[in-house]
Amino acid sequence: MELLLKTKFCKILFDKFGYVDARFLKINPNTIYNWHIDKGRKCAINFPVVNNKKAITLFKQYEKREHIFSCYEVDYTDFRPTILDTTYPHCIINSWPEERIMLTVSTHKDCSYEEVKSFLETLK
């Protein structure tokens, strides 16, 4: 992981935000990572490494009733970053007999999704 933190992308994030963390997240086959809000970060920059279309990330949009809510699926593109606002409830469902591996990069815990997204848009 130390080598990853030395990449140009991570160095740019560190110079801007003063902190960067990177790790791999593995979701085992036929597994659900239940609804949660990330602790210790407000946004995630995710890069699919080993992806499959049966492993999905869902975000709650709003509650219609106590146990009924609307949600949307994150549209990942292989080897391309997707920025997520992890202050909203989300879950991961892998209904496939293979694991999914995601590289996730985050900045300082006080950096908002909007702040990081705006900065990343200047890099294009």
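The side chains of Glu 99 and Lys 26 form a salt bridge, with N and O 3.7 Å apart; the term stands for a side-chain nitrogen of Lys or Arg within 4 Å of a carboxyl oxygen of Asp or Glu. Because Glu 99 lies in the loop between strand S7 (90-94) and strand S8 (100-107), while Lys 26 belongs to strand S1 (residues 20-27), the pair ties together parts 73 residues apart in sequence. Helices (H or I, at least four residues) and strands (E, at least two) are DSSP runs, numbered from the N terminus.

The model is a predicted one, in which local features need pLDDT of at least 70 and side-chain atom pairs count only at pLDDT 80 or more, whereas totals for chains, interfaces and linings use all residues. Residues are numbered from 1 along each chain as its sequence is written, and side-chain values use heavy atoms, leaving out hydrogens and water.

Three salt bridges are found in the whole structure, and they are listed here.

| Pair | N to O distance |
|---|---|
| Asp 21 and Arg 23 | 2.6 Å |
| Asp 38 and Arg 41 | 2.9 Å |
| Glu 99 and Lys 26 | 3.7 Å |

Accessibility is described as buried (under 20% relative accessible area), exposed (over 50%) or partly exposed (in between), with a 1.4 Å probe and protein chains only. Asp 21 is buried at 16%, whereas Arg 23, at 45%, is partly exposed. Asp 38 and Arg 41 are both buried, and Glu 99 is partly exposed at 29%.

The protein chain contains three helices and eight strands, and 39% of its 124 residues count as buried.
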